[in-house]
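Here is a short report for a first look at this protein chain. Keep the sequence and the model in view while reading.

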Amino acid sequence: MAVKVNKGKILIVEDNQLNLKLFQDILVINNFEVIAIADGFKAMEQIDLHMPDLILMDIQLHGISGLDIIKQIKQRDDLKHIPVIAITAFAMSYDEQNILSYGCDSYIAKPVMIADFLNKINEYFKVKEGK
């Protein structure tokens, strides 16, 4: 019997339940450990608790901006090394520049194409593994 190897730990912050379930399912099937939360106000608490290898952050969260959370992450010396990929419906070039200026390492435009989504995630873990 083959043993599943955990590729890494990913925190998803997404308040749309369908998107959250889709992202979580894709990542779990591909052997990632996933912490999924729908409440942006709990993001920092979950980051501190789980210390993920990668964070997927929705930009338009209910009651709080994902950009504000990213700014908090990148201002902390103990967290700023964690790559953050923004997930957003805003996909114009000036939106990309604005999002990246907050410290995001990359972004994924909605609607998400599953193959592109998974390729983007895997890129970060190949870099981490030195491949």
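Cys 104 has a relative accessible area of 8%, so it is buried. The model is predicted. Cys 104 sits in the loop between helix H4 (93-101) and S7.

What does Cys 104 touch, leaving aside its neighbours within four places in sequence? The contacts are Ile 70, Val 84, Ala 86 and Ile 99. One of these, Ala 86, is 18 residues from Cys 104 along the chain. The C-alpha atoms of Cys 104 and Ala 86 are separated by 6.4 Å.

Is Tyr 102 buried or partly exposed? Its relative accessible area is 28%, so Tyr 102 is partly exposed. The cut-off matters here: buried means under 20%, and exposed means over 50%.

Setting aside neighbours within four places in sequence, Tyr 102 is in contact with Leu 67, Ile 70, Lys 71 and Lys 74. Ile 70 is also on the contact list of Cys 104. Tyr 102 and Ile 73 lie 29 residues apart in sequence. From C-alpha to C-alpha, Tyr 102 and Ile 73 are 9.9 Å apart in space.

## The chain as a whole

Now the wider view. The chain has five helices and seven strands. In sequence order the pattern runs β-α-β-α-β-β-β-α-β-α-β-α.

The chain holds 131 residues, and 42% of them are buried. Its accessible surface comes to about 7,400 Å². Carbon and sulfur atoms account for 55% of that surface. How many of the contacts between residues at least 6 apart in sequence join residues at least 24 apart? The share is 61%.

## Two aromatic pairs

The chain has two aromatic pairs. In one of them, the ring centres of Phe 23 and Phe 117 are 5.1 Å apart. Their planes stand at 20°, so the pair is stacked; the stacked class takes planes under 30 degrees apart. Phe 23 is in helix H1 (residues 17-29), and Phe 117 is in helix H5 (residues 114-129). The pair links distant parts of the chain, 94 residues apart. Phe 23 has 0% relative accessibility and therefore counts as buried. Phe 117 is buried too, at 0% relative accessibility.

The other pair is Phe 32 and Phe 125. The ring centres are 4.9 Å apart and the planes stand at 50°, so this pair is tilted. Phe 32 is in the loop between H1 and strand S2 (33-37). Phe 125 is in helix H5, 93 residues away from Phe 32. Both Phe 32 and Phe 125 are buried.

## Where H2 meets H3

Two packed helices are described by the angle between their axes and the distance between the axes. Helix H2 covers residues 43-50, and helix H3 covers residues 66-75. The axes of H2 and H3 come within 10 Å and cross at roughly 35°. The crossing of H2 with H3 is right-handed.

Which residues make the contact? From H2 come Ala 43, Met 44 and Ile 47. From H3 come Ile 69, Gln 72 and Ile 73. Five residues of this contact are nonpolar, one is polar and none is charged.

## Backbone details

Most residues other than glycine have a negative phi, and most peptide bonds are trans. Some places in this chain depart from that.

Lys 110 and Pro 111 are joined by a cis peptide bond, with omega about 0°. Pro 111 is in the loop between strand S7 (106-109) and H5. Asn 31 has a positive phi, near 70°. Asn 31 lies in the loop between H1 and S2. At 25% relative accessibility, Asn 31 counts as partly exposed. Met 51 also has a positive phi, near 40°. Met 51 is found in the loop between H2 and strand S3 (54-58). Its relative accessible area is 36%, so Met 51 is partly exposed.

How values were computed:
Residues are numbered from 1 along each chain as its sequence is written. This is a predicted model: local features need pLDDT of at least 70, side-chain atom pairs count only at pLDDT 80 or more; totals for chains, interfaces and linings use all residues. Side-chain values use heavy atoms; hydrogens and water are left out. Helices (H or I, at least four residues) and strands (E, at least two) are DSSP runs, numbered from the N terminus. Buried means under 20% relative accessible area, exposed over 50%, partly exposed in between (1.4 Å probe, protein chains only). Contact means heavy atoms within 4.5 Å. Accessible areas come from the Shrake-Rupley method with a 1.4 Å probe; for residues, only the protein chains shown count as cover. Rings of Phe, Tyr and Trp (its six-membered ring) pair if their centres lie within 6.5 Å; planes under 30 degrees apart count as stacked, over 60 as edge-to-face and the rest as tilted. Axes are lines fitted to C-alpha atoms, for helices over the stretch in contact, and angles run from 0 to 180 degrees between N-to-C directions. A crossing is left-handed if the near helix is turned anticlockwise from the far one by less than a right angle, and right-handed if clockwise. Ala, Val, Leu, Ile, Met, Phe, Trp, Tyr, Cys and Pro count as nonpolar, Asp, Glu, Lys and Arg as charged, and the others, Gly among them, as polar.
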